[in-house]
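The following note sets out several points on the structure shown below. Please read each point with the model in view.

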Amino acid sequence: MKEKRWLVWITLGGLALRLGMWFYYRSHTMGLATASLPDDALYYFTIARNVAHGYGISFDAVHPTNGMHPLWLFVITPIFWIGFTKWGAIYAVLLLQSLLDACVVWLIGSTVYDLLPEAKESNRATAAGVSALLYAGSALAIVRSINGLETTLTALLIVVWLRAYLRFDRGVLS
C-alpha cells in the first residue's frame with residue numbers, strides 16, 4: 001500500500017470533486033431535477049420505489065415494465081426500502097454513485113500501475129497517476145458519475161472485468 005500512497009490522494013481528490021457536485025445538487029434540488037438528472041433516472045427511481053414498496057417491477061404500480069437494467073435496479077432498490085423521503089433516497093443513490101466512481105478512479109490507477117511491472121518505479125507511478133487523474137478530474141466523468149443511471153456501475157464493472165481478464169487470461173497482473 002505504501003507504494004501507492006499517491007493513488008490514495010488522487011482517489012480522495014476525485015471523491016472530493018464528486019462530493020462537491022453532490023453537495024451542490026443537495027442544495028439546488030430544482031437544478032438537479034430540471035437540468036441534471038436524465039428522465040431515465042427518474043424512471044429508475046420510481047420503479048425502485050415501487051419494488052421497495054411491494055408493487056413489483058412497475059412504473060405506475062399497476063402494470064409491469066421492462067427496459068431498465070436489472071442489476072442497477074437491484075443495487076438502488078434497498079435505498080428506497082430504507083424509508084428515506086423521495087429526495088433523500090435520490091440523494092443517497094447519487095452519493096452511492098460518488099463512492100462507486102471513487103473506486104473506479106482507484107482501479108484505473110492501480111490497473112495501469114500493475115500493467116507496468118518492468119518499468120522504473122517513477123514511470124509506473126507517473127503513468128498510473130496521470131491515468132487516474134485524467135479520469136478523476138474529467139468534468140464529463142464527474143457529471144456522468146452522479147446521474148442516477150447505471151453509468152457508474154457499468155464503469156466499475158468494465159474496469160473489474162479488465163483486471164480479471166488481464167490477471168486470469170493473460171497472467172499480466174499479479
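1. Ala-41 lies in helix α3, where helices are DSSP runs of H or I with at least four residues, strands are runs of E with at least two, and both are numbered from the N terminus. Ala-41 is buried, as its relative accessible area is 0%; buried means under 20%, exposed over 50% and partly exposed in between, with a 1.4 Å probe and protein chains only. Leaving out residues up to four places away in sequence, Ala-41 touches Asn-147, Gly-148 and Leu-149, a contact being heavy atoms within 4.5 Å.

2. A word on the source is needed. This is a predicted model, in which local features need pLDDT of at least 70 and side-chain atom pairs count only at pLDDT 80 or more, while totals for chains, interfaces and linings use all residues. Residues are numbered from 1 along each chain as its sequence is written, and side-chain values use heavy atoms, with hydrogens and water left out.

3. Does the span of helix α3 agree or disagree with its number of residues? The 14 residues of α3 (residues 39-52) should span 20 Å at 1.5 Å a residue, and the end C-alpha atoms are 20 Å apart, which agrees. The expected span is 1.5 Å times one less than the number of residues. The buried residues of α3 are Ala-41, Tyr-44, Phe-45, Thr-46, Ile-47, Ala-48, Asn-50 and Ala-52, and what covers them includes α4 (70-81) and α5. Just after α3, Gly-54 has a positive phi of about 90 degrees. From C-alpha to C-alpha, Ala-41 and Gly-54 are 20 Å apart in space, and they are 13 residues apart in sequence.

4. The chain as a whole may now be considered. The protein chain has 8 helices and 0 strands. Its C-alpha trace spans about 60 × 35 × 25 Å along the principal axes. Of the 174 residues in the protein chain, 40% are buried. Among contacts with a separation of 6 or more, 70% join residues 24 or more positions apart.

5. Helix α1 (residues 5-27) packs against α5 at an angle of about 160 degrees, with the axes 9 Å apart. Axes are lines fitted to C-alpha atoms, for helices over the stretch in contact, and angles run from 0 to 180 degrees between N-to-C directions. The two helices, α1 and α5, are therefore roughly antiparallel; angles over 145 degrees count as roughly antiparallel, under 35 as roughly parallel, 65 to 115 as roughly perpendicular and the rest as oblique. Residues in this contact include Trp-6, Leu-15 and Trp-22 of α1, and Leu-95, Ala-102 and Trp-106 of α5.

6. Helix α5 (residues 86-115) also meets helix α8 (residues 151-169): their axes come within 9 Å and cross at roughly 25 degrees. That makes α5 roughly parallel to α8. Among the residues that meet are Leu-100, Val-104 and Leu-107 in α5, and Ala-155, Val-159 and Leu-166 in α8.

7. Which residues does Ser-145 contact, leaving aside its neighbours within four places in sequence? Ser-145 is in contact with Arg-18, Gln-97, Ser-98, Asp-101 and Thr-152. Ser-145 is placed in helix α7 (residues 139-145) and is buried, with a relative accessible area of 2%.
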